[in-house]
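User: Hey, I'm new to this one. Can you walk me through what I'm looking at?

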Amino acid sequence: MLYMKFAVPFVLWAWVLSSTYARYVVPQVANLYASLERLEEGRGNSALFPKVIAFSIKIVLTFVQMYVLSTWSAYSVLRTLRFVQSPDIKKWICYLLAFLICEGALGVVARREEYRGFLSIVHSAMAMGLFVIFAFNPSLMKDTYPWLIRAMGVDF
């Protein structure tokens, strides 16, 4: 029953994240990628400036999406750290549940995204991998997500 108390609200938040991000953010990013592809193709092969601008915007977009989606991974680990402080809880069960829930939500988002080259998918792959990295070394979150650590009230 304790694990249900951990998993059920977590699954609901995962559903909110995956459905909201997939419904509202993914189409906007796809439109932006389409615009950037038209910018790259619009001037012919000789124009270097539009290609550099388009590539730069794609890199910035990749890092922004990576930060946003990795926030979910950080939240998942912090939620798990907060819950496993109880002595009656087996940590490995909570981490396994958190991994499945976190990766499931990120997988739904990744599945909805259209493949348009490496930069269009690397943010999802990094966010999925960061759950494992943060789980093994939570102190890596201190520089990137100090606001989330304070909001969650987790000390480590």
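Predicted model: local features only at pLDDT ≥ 70, side-chain atom pairs only at ≥ 80, totals over all residues.

User: How much of the protein counts as buried?

Analyst: Of its 156 residues, 40% are buried.

User: What about contacts along the chain?

Analyst: If you take contacts with a separation of 6 or more, 74% of them are between residues 24 or more positions apart.

User: Let's go inside. How many residues are in the largest nonpolar core?

Analyst: That core has 34 residues, and the ones with the most contacts inside it are F10, W72, L78, F134, M141 and L148. At least two residues each come from α1 (2-42), α2, α3, α4 and α6 (146-152). Apart from this core there is another one, of 5 residues, including V29, Y33, L61 and V122.

User: Why would nonpolar side chains sit together like that?

Analyst: In soluble globular proteins, nonpolar side chains tend to be buried together.

User: I see a couple of threonines on α2. Is T80 buried or exposed?

Analyst: T80 is buried, with a relative accessible area of 0%. T80 sits in helix α2, residues 49-83, and touches F6, C94, Y95 and A98, leaving out residues up to four places away in sequence.

User: And T71, buried or exposed?

Analyst: T71 counts as buried too, at 16% relative accessibility, because the cut-off for buried is under 20%. T71 also lies in helix α2. With residues up to four places away set aside, T71 touches Y145, W147 and L148.

User: Switching to α3. What length should α3 span?

Analyst: At 1.5 Å a residue, the 22 residues of α3 should span 32 Å, and its end C-alpha atoms are 32 Å apart, which agrees.

User: Which residues of α3 are buried?

Analyst: C94, Y95, A98, I101, C102, E103, A105, L106 and V109. Those buried residues pack against α1, α2 and α4.

User: Is W92 buried or exposed?

Analyst: W92 counts as exposed, at 59% relative accessibility. You'll find W92 in helix α3.

User: Okay, charges now. How many salt bridges does the structure hold?

Analyst: It holds 3 salt bridges. R116 forms a salt bridge with E37, and their closest N and O atoms are 2.8 Å apart. R116 lies in the loop between α3 and α4 while E37 is in helix α1, so the pair ties together parts that are 79 residues apart in sequence.

User: Why can side chains like that pair up?

Analyst: Side chains of opposite charge can pair when their charged atoms come close.

User: What does E114 do here?

Analyst: The side chains of E114 and R116 meet in a salt bridge as well, at 3.4 Å from N to O. That links E37, E114 and R116 in a network of salt bridges. R116 is partly exposed, with a relative accessible area of 21%, as is E37 with 24%. E114 is partly exposed at 48%.

User: Which residue does E40 meet in a salt bridge?

Analyst: That would be K58, at 3.5 Å from N to O. E40 lies in helix α1 and K58 in helix α2, so this pair ties together parts that are 18 residues apart in sequence.

User: And how accessible are those two?

Analyst: E40 is partly exposed at 23% relative accessibility, whereas K58 is buried, with a relative accessible area of 9%.

Conventions: Residues numbered from 1 in each chain as written. Heavy atoms only, no water. Helix = DSSP H or I, 4+ residues; strand = E, 2+ residues; numbered from the N terminus. Buried < 20%, exposed > 50% of the residue type's maximum accessible area, 1.4 Å probe, protein only. Contact = heavy atoms within 4.5 Å. Core = buried A, V, L, I, M, F, W, Y, C linked by side-chain atoms within 4.5 Å. Expected span 1.5 Å × (residues − 1). Salt bridge = Lys/Arg side-chain N within 4 Å of Asp/Glu carboxyl O.
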